[in-house]
Amino acid sequence: MKKTVVAFDFGASSGRAIKAEFDNGKLSYEEIHRFDNIPVYENGIMCHDFKMICSEIDKALQKAGRIDSLAFDTWGVDYGLLDEEGRLIKSPVHYRDTRTENVLAKVFEKISPEELYAETGNQIMPINTLFQLSCEEKNNAKKLLFMPDLFAYYLCGNAVCEKTIASTSQMLNLNKGKWSESVCRKCSIDANIFAPLCSSAAVIGEKDGIKVIAAAGHDTQCAIAAMPCEKGSTPAFLSCGTWSLIGCELDEPILTEKSRQDELSNELGANGKINYLKNISGLWLIQETRRALKRAGFDYSYNDLEMLARAEKPFSCFIDPDDSLFATEGDLPQRIKDYCRKTNQAVPETIGMVIRCIYESLAMKYRYAIEQIGENTGISFDVLHLLGGGTKDRFLCQMTADSLGFDVVAGPTEATAIGNIMLQLIALEEIGSIDEAREIIRKSERVKTYKPENHEVWQMAYEKYINIISK
């Protein structure tokens, strides 16, 4: 029987609705609505414009017509707080707000980073939910909902906490499958504030006869669910968008001290696997650079920026994409110049040099992360599945293959939305498992393989890169 579903795929900079039809084992889909997700400021705090996003949801549903189900996926860590009447107290705060800049030391007075990692397995980052909550005036808050669950609640009125998005919080104990009692107790967090946990691909309510489904709330996990790999294989993956999340699937979390020091994260996948990965600042660096240039009066397209970068000399300078200098809005080109000057490198004087520096630094950081993951897992990788919007960036795809020294299989471009769709179809009992979904994707979606062309040259430059980021 034909099923029609809508996947709401919301990123921190844009949102869209994808309508899909699944009929006799064949999937077709199209984007029916898109909007810019522009932060707003309330009392000097950067927030998500929840009311605006809800109005865009309503517009998308009007365009969709008759559908069987819908589901949301979003970025991780952010949340909304509800009062006793179930009303949103204030706009959800954006993870790029500066309120968490100095919060780590405050939390570490209550619980050590070693214990925190052993309990939760998350890469310790100031943006994580635990640290945001530590800055929060919770006042009369009675319920916390992560962003995808908050949007579902807006439609159907049922409050749940889907497990993949919960696993980004720095508060979920993966081994026990529940909130960490010790983290909550030591950090003065009432665990009753959390909605009941639910698994991925679960029907959680209805809206005007449409089933509201918890797919995988975390967009990364939707993308990985759509990875077109063979059953039983353990390839590396890279979900590449505003953030780059690079890693592999494991049966159990790795909670060692080396893993913590290597800043690797254990997150829960939609299939119950552990996604062992590193969070790397991704195409945000290109996006914010373009915005900074536009504010300065230079209106370049992404293609323009790529062409300028291609024309520049390779390996002139590098940055660590994850340096806190690049984590917030502002004049990224100037910050990159400052970083290069501080690390005694050639200072990129042209726009093309700045963009090439970002591209090459990302590709180098991917290799750095893969080596760390290999050391901690004992796995020797020979292929990387690159998923999401980054597949459109052929320059970055080829650089990544050259940096890694093995094949990069790019696609599907719409991995996040497709994963969302497939998880809805599992909830509707049209597909039996994620393995079955991946088989369908492998047969139907186009991918492109990038083979290493200049790995030896990149190998020499990699040694320079390591020296720079180690300073």
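Author: A pocket is an open set of grid points with protein on both sides within 12 Å along at least five of seven lines, whereas in a cavity the 1.4 Å probe cannot get out. The model is predicted. In this model, the second largest pocket holds about 820 Å³ of space.

Reader: Which residues line the second largest pocket, and which of them lie nearest its centre?

Author: The lining has 32 residues, and P126, D322, D323, S324 and A327 are the ones nearest the centre. Two elements, β18 (274-281) and α13 (351-377), each give two or more residues to this lining.

Reader: How do the lining residues of that pocket divide into nonpolar, polar and charged?

Author: There are 13 nonpolar, nine polar and 10 charged residues in the lining.

Reader: Why is α11 called roughly perpendicular to α13?

Author: The term roughly perpendicular applies to angles from 65 to 115 degrees. Helix α11 (residues 302-310) packs against α13 at about 90 degrees, with 7 Å between the axes. The pair is therefore roughly perpendicular.

Reader: What makes the contact between α11 and α13?

Author: From α11 come L305, E306, L308, A309 and R310, and they meet I351, G352, I355, R356 and Y359 of α13. Sorted by class, this contact has six nonpolar, one polar and three charged residues.

Reader: Why are α13 and α17 described as roughly perpendicular?

Author: The axes of α13 and helix α17 (residues 455-469) cross at roughly 85 degrees and come within 10 Å. The range for the term is 65 to 115 degrees, and α13 and α17 are therefore roughly perpendicular to each other. On the α13 side the contact includes M364, R367 and Y368, and on the α17 side it includes W458, Y462 and Y465. By class it holds nine nonpolar, three polar and four charged residues.

Reader: What makes β3 and β13 edge strands?

Author: Six strands form an open sheet with mixed pairing, in the order β3-β2-β1-β6-β14-β13. β3 (26-36) and β13 (202-207) each pair on one side only, and that makes them the edge strands. From one strand to the next, the twist averages 25 degrees.

Reader: How do you know that β2 pairs with β3?

Author: Two strands count as paired with at least two bridges between them. Strand β2 (residues 14-23) is joined to β3 by 10 bridges, and the two run antiparallel. Within β3, R34 stands opposite R16.

Reader: Which helices lie across strands of that sheet?

Author: Helix α1 (residues 50-64) lies across β1 (3-10), β2, β3 and β6 (69-73), and it runs at about 140 degrees to β3. Helix α15 (residues 415-427) lies across β1, β2, β3, β6, β13 and β14 (210-214), at about 135 degrees to β1.

Reader: Why are β17 and β21 said to stand at the edges of their sheet?

Author: This open sheet has seven strands in the order β17-β18-β16-β15-β19-β20-β21, and its pairing is mixed. β17 (265-268) and β21 (448-450) each have a single partner strand, so one side of each is without a neighbour in the sheet. The twist here averages 30 degrees from one strand to the next.

Reader: How do you know that β19 and β20 are paired?

Author: The threshold is at least two bridges. Four bridges join strand β19 (residues 383-387) to strand β20 (residues 407-410), and the strands run parallel. H385 has V409 in β20 as its bridge partner.

Notes: Residues are numbered from 1 along each chain as its sequence is written. This is a predicted model: local features need pLDDT of at least 70, side-chain atom pairs count only at pLDDT 80 or more; totals for chains, interfaces and linings use all residues. Side-chain values use heavy atoms; hydrogens and water are left out. On a 1 Å grid over the protein atoms alone, a cavity is a set of points where a 1.4 Å probe fits but cannot get out, and a pocket is an open set with protein on both sides within 12 Å along at least five of seven lines; lining residues have an atom within 4 Å of a point. Grid points are joined across faces, edges and corners, and a volume is the space filled by probe spheres set on the points. Ala, Val, Leu, Ile, Met, Phe, Trp, Tyr, Cys and Pro count as nonpolar, Asp, Glu, Lys and Arg as charged, and the others, Gly among them, as polar. Axes are lines fitted to C-alpha atoms, for helices over the stretch in contact, and angles run from 0 to 180 degrees between N-to-C directions. Angles under 35 degrees count as roughly parallel, over 145 as roughly antiparallel, 65 to 115 as roughly perpendicular and the rest as oblique. Contact means heavy atoms within 4.5 Å.
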